[in-house]
Amino acid sequence: NRFVFSFSAGARAGILNGMSTTYKSCLVAGLLTLGLGVLGCDEDRPPPKKSEKAAGTAPAAKKVEVGKNVFLEVQGGKRRVLVESQVCRRTDQLEQLLCRKRTKEHEAILSADIDARDIHKALVLCGADPGKPVSFAGKRIPPTGPVVKVTLQYQDKGRTVTVPAQEWIRDVKTKKHLDADWVFAGSVFHPDPLNPKAQPFYGANDGDVICIANFETAMLDLAIDSSKENSDLAFEAFTERIPPLETRVVVILEPVPPAKKR
């Protein structure tokens, strides 16, 4: 995959200064030829092909692997994160939608063999700036950060099914599916007190990747009071809507641009 970068005038001058005289002469000659064509001196040239945009077709999506089972997908000006996971639980109360493999599968619907730092990195590459996880120090401060749309995609008898993640989670009392958005809280980094030079530990790797109950180490969390202390709010798996155990599911994360102020 290739990425296209735009250069400033100074950068372009630096690149040109590094070229040989012969190469720069050829480049100038080529530009002059192009200029003549633009001015109408290209009657013998075939008409240019229609661009994808003019033809009404969307550009092809390109996937870049950020880490194991974590991908950044770029399509035109749109970017989103894809996480390969599988169903690990379909019943009872929940605290996570997605956890890291071999951590909190007993409390989550999905698990993934990932390093949560790769998802964090991919979301930043999508233009999302992490906020802060929930704080319980004294007064409770809810999690903050940009809203992230979470969608689930899987195969069912040869057919691709795509659903909002909220539809797999329901309120224990009302039995209605979750009606709240996730925000990119960004978890926390813990330095190793025994080895200050070691890479800090990323809190979400203990399991709190996409949370339903508020956690101080959550990477994505609900921007509502969903703490254990809130006895009026608890969520469970919407079993009838969740495919069988071990079904492969792609978790799609799309940061939502903030609304423009009027």
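A: Let us begin with pairing: two strands pair if DSSP finds at least two bridges between them. Helices (H or I, at least four residues) and strands (E, at least two) are themselves DSSP runs, numbered from the N terminus. Here, strand β3 (residues 78–87) runs antiparallel to β2, and 6 bridges join them. The model is predicted: local features need pLDDT of at least 70, side-chain atom pairs count only at pLDDT 80 or more, and totals for chains, interfaces and linings use all residues. Residues are numbered from 1 along each chain as its sequence is written, and side-chain values use heavy atoms, with hydrogens and water left out.

Q: How many helices and strands are in the protein chain?
A: The protein chain has 4 helices and 15 strands.

Q: Which residue in β3 is the bridge partner of E73?
A: E73 has R80 as its bridge partner. In the hairpin of β2 and β3, 2 residues lie between the strands, and G76 takes a positive phi near 65°.

Q: How many bridges join strand β1 to β2?
A: Strand β1 (residues 62–67) is joined to β2 by 5 bridges, and the two run antiparallel. K62 has V74 in β2 as its bridge partner. These strands also form a hairpin with 2 residues between them, where N69 in the turn has a positive phi of about 65°.

Q: Why is strand β2 described as largely enclosed by the rest of the structure?
A: Buried means under 20% relative accessible area, exposed over 50%, and partly exposed in between (1.4 Å probe, protein chains only). In β2 (residues 70–75), 5 of the 6 residues are buried, so the strand is largely enclosed by the rest of the structure. For the protein chain, buried residues make up 37% of the 262 residues.

Q: What is the volume of the largest pocket?
A: Rolling a probe the size of a water molecule over the atoms shows where empty space is left. On a 1 Å grid over the protein atoms alone, a pocket is an open set of points where a 1.4 Å probe fits, with protein on both sides within 12 Å along at least five of seven lines; lining residues have an atom within 4 Å of a point. Grid points are joined across faces, edges and corners, and a volume is the space filled by probe spheres set on the points. The largest pocket has a volume of about 400 Å³. Of its 16 lining residues, K78, R79, E254, P255 and P257 are the closest to the centre. β2, β3 and β15 (248–255) are the elements that give two or more residues to this lining.
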